[in-house]
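Work through the exercises below with the model at hand. Try each task before reading its solution.

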Amino acid sequence: CIGYFVPEYTKFSGDLSPSLGIKFSDVPNGLGALSVVPLAGWLQIIAFCGFIENTGFTFNQRKKIGWMLDASMTSEKAEPGNYGLGWIGAFN
């Protein structure tokens with residue numbers, strides 16, 4: 001819900017693509033954005049997501065992440081989803 005309602009009432013100011021004259025306010029919500037955002041913009045988004053996924057959310061070293069693992073696991077004793085933030089995920 002939030003991913004659809006927030007963009008309906010809040011838009012970034014500025015240009016999405018200055019060379020094509022597309023402003024952020026010109027982009028509709030939902031699937032309508034597919035036809036408005038240029039292909040180069042979608043490729044940048046996909047490349048950035050792939051980079052983040054490939055590096056394990058760190059920029060200085062690769063971490064082994066995969067099935068039943070996440071970037072917070074530093075030893076074999078760690079458990080999936082345990083980010084070391086306490087019993088409600090907010091405290092050490």
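**Exercise 1. Locate Asn29, decide whether it is buried or exposed, and list what it touches.**

Step 1: Asn29 sits in the loop between strand 2 (22-23) and helix 2 (33-36). Helices (H or I, at least four residues) and strands (E, at least two) are DSSP runs, numbered from the N terminus. This is a predicted model, in which local features need pLDDT of at least 70 and side-chain atom pairs count only at pLDDT 80 or more, while totals for chains, interfaces and linings use all residues. Residues are numbered from 1 along each chain as its sequence is written, and side-chain values use heavy atoms, with hydrogens and water left out.

Step 2: check the burial. Buried means under 20% relative accessible area, exposed means over 50%, and partly exposed lies in between (1.4 Å probe, protein chains only). Asn29 has a relative accessible area of 16%, so it is buried.

Step 3: list the contacts. A contact means heavy atoms within 4.5 Å. Neighbours within four places in sequence are left aside; Asn29 then contacts Tyr4, Pro7, Glu8 and Lys11.

Step 4: look for a polar contact. That is a pair of N or O atoms within 3.5 Å; within protein, one must be able to donate a hydrogen and the other to accept it, and residues adjacent in sequence count only if both atoms are side-chain atoms. The side chains of Asn29 and Glu8 make one, at 2.6 Å.

**Exercise 2. Trace the links made by Lys11.**

Step 1: list its contacts. Residues up to four places away in sequence are not counted; Lys11 touches Phe24, Ser25, Val27 and Asn29.

Step 2: Lys11 and Ser25 are 14 residues apart in sequence, and 5.8 Å apart in space, C-alpha to C-alpha. The Lys11 side chain reaches the backbone oxygen of Val27 at 2.8 Å.

**Exercise 3. Count the salt bridges and name the partners.**

Step 1: Side chains of opposite charge can pair when their charged atoms come close.

Step 2: apply the rule. A salt bridge is a side-chain nitrogen of Lys or Arg within 4 Å of a carboxyl oxygen of Asp or Glu. The count comes to one.

Step 3: name the pair. Asp15 bridges to Lys23, with the closest N and O atoms 3.2 Å apart.

Step 4: check both ends. Asp15 is partly exposed at 39% relative accessible area. Lys23 also counts as partly exposed, at 41%.

**Exercise 4. Count the aromatic pairs and describe the geometry.**

Step 1: apply the rule. Rings of Phe, Tyr and Trp (its six-membered ring) pair if their centres lie within 6.5 Å; planes under 30 degrees apart count as stacked, over 60 as edge-to-face and the rest as tilted. The count comes to one aromatic pair.

Step 2: describe it. Phe12 and Phe24 are edge-to-face, 5.5 Å centre to centre, with 65° between the planes.

Step 3: see what is joined. Phe12 lies in the loop between helix 1 and strand 1, and Phe24 in the loop between strand 2 and helix 2, so the pair ties together parts 12 residues apart in sequence.
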